[in-house]
Amino acid sequence: MEHLRTQGISLPRLGLGTFRMQGDICRAAVESALGLGYRHIDTAEMYGNEDAVGAAIATSGIPRKELHITTKVWHENLAPDAICRAFDASLNRLRLDHVDLYLVHWPSRNMNLPAIFETLLKLKQEGRTRAIGVANFNLALLKTAVEQIKAPIACNQVEYHVLLDQTKVAKYLAAKSIPLVAYAPLAQGRAASDETLISIGRKHGASAAQVALKWLLDQDSVAAIPKTSRAESQRANLDALKLKLDDEDRKAIAALPKDKRFVNPGFAPGWD
Ligand SMILES: NC(=O)c1ccc[n+]([C@@H]2O[C@H](COP(=O)([O-])OP(=O)(O)OC[C@H]3O[C@@H](n4cnc5c(N)ncnc54)[C@H](OP(=O)(O)O)[C@@H]3O)[C@@H](O)[C@H]2O)c1
């Protein structure tokens with residue numbers, strides 16, 4: 001598995017998303033993924049599944065340093081003392097003494113970005129998170145974080161897939177050597193039934209979902225975190241890394257509509 005190096009951490013380019021999985025289903029999915037070789041797990045306090053993720057990690061027997069665990073602070077908890085409380089609770093549920101990446105999950109209208117990053121940096125300096133980052137930051141917010149506050153963000157996690165253009169944000173991140181972590185990389189499952197992707201997949205003996213993932217992972221400095229509870233899809237998503245797309249495939253994917261945003265960014269003021 002290829003890794004992206006960013007702010008002192010090494011981020012596996014394919015991770016397991018865990019949104020909408022909880023309890024035993026989530027625990028079993030994470031156990032299965034770790035058994036198949038996944039080493040990057042994406043969770044969040046908002047998902048209500050950090051305890052299940054933590055249980056799966058605890059029983060895996062995989063050395064902690066081989067794992068990359070991301071969690072996130074919800075937009076209602078962005079006051080400095082609330083971040084600290086949320087972070088402690090996340091670590092407790094995950095049964096870990098540190099996470100690898102702690103993200104601001106969504107921006108909020110009244111957030112105080114300098115105070116947020118000061119708090120996150122303190123957690124980093126204490127070794128309780130190895131790196132800090134953001135999610136759902138648009139270009140303006142990214143510029144404030146990177147250029148004004150000079151926050152050492154290790155990624156911006158945003159919705160990105162074959163049906164959504166992210167050129168502006170991706171170009172900015174690339175110029176600053178900050179990875180883009182693609183969430184909803186399968187357009188929340190819709191990619192699996194897209195006719196164009198199905199026909200590209202047929203040519204290569206692959207599925208439409210694999211085509212969608214490889215299209216993302218062929219881009220420099222992009223990681224992806226598809227969610228699936230099914231072991232066969234977890235394996236298929238790993239196998240997508242072996243697929244070789246050609247220029248004709250990329251041209252067909254470029255011609256797909258690119259305005260399909262499936263996660264409501266209403267919480268994230270400032271999206272264009
Ligand atoms: N930062 C944020 O604000 C934010 C927002 C949304 C999501 N995320 C993160 O990103 C992760 C991924 O996003 P997402 O879960 O919304 O959507 P997604 O990964 O694009 O799609 C998940 C859907 O695709 C299906 N699927 C997965 N692999 C497949 C395969 N090989 N073939 C066919 N179908 C497949 C899954 O079905 P089954 O489970 O039935 O297999 C599930 O219905 C989340 O789980 C979460 O960790 C972050």
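This is a predicted model: local features need pLDDT of at least 70, side-chain atom pairs count only at pLDDT 80 or more; totals for chains, interfaces and linings use all residues.

Colleague: Okay, strand 6. Are Leu-101 and Leu-103 buried or exposed?

Modeller: Leu-101 and Leu-103 are buried on one side of the strand, which spans residues 101-104.

Colleague: How does strand 5 pair with strand 6?

Modeller: In the parallel sense, over 4 bridges. Strand 5 covers residues 68-73. Val-73 sits opposite Val-104 of strand 6.

Colleague: And what does the chain pass through from strand 5 to strand 6?

Modeller: Helix 3, residues 80-94. That β-α-β crossover is right-handed.

Colleague: What about strand 7, how many bridges does it share with strand 6?

Modeller: There are 3, and the pairing is parallel. Strand 7 is residues 132-135. Its Gly-133 faces Leu-103.

Colleague: Which helix goes with strands 6 and 7?

Modeller: Helix 4, residues 113-125. Together the three make a right-handed β-α-β unit.

Colleague: New topic. What's the volume of the largest pocket?

Modeller: About 720 Å³. It is lined by 33 residues. The closest to its centre are Phe-19, Arg-20, Ala-184, Gln-188 and Lys-227.

Colleague: Which element gives the largest share of that lining?

Modeller: Helix 9, residues 231-239, with 3 residues.

Methods:
Residues are numbered from 1 along each chain as its sequence is written. Side-chain values use heavy atoms; hydrogens and water are left out. Buried means under 20% relative accessible area, exposed over 50%, partly exposed in between (1.4 Å probe, protein chains only). Helices (H or I, at least four residues) and strands (E, at least two) are DSSP runs, numbered from the N terminus. Two strands pair if DSSP finds at least two bridges between them. A crossover is right-handed if, with the strands pointing away from the viewer, the path from the first strand over the helix to the second runs clockwise. On a 1 Å grid over the protein atoms alone, a cavity is a set of points where a 1.4 Å probe fits but cannot get out, and a pocket is an open set with protein on both sides within 12 Å along at least five of seven lines; lining residues have an atom within 4 Å of a point. Grid points are joined across faces, edges and corners, and a volume is the space filled by probe spheres set on the points.
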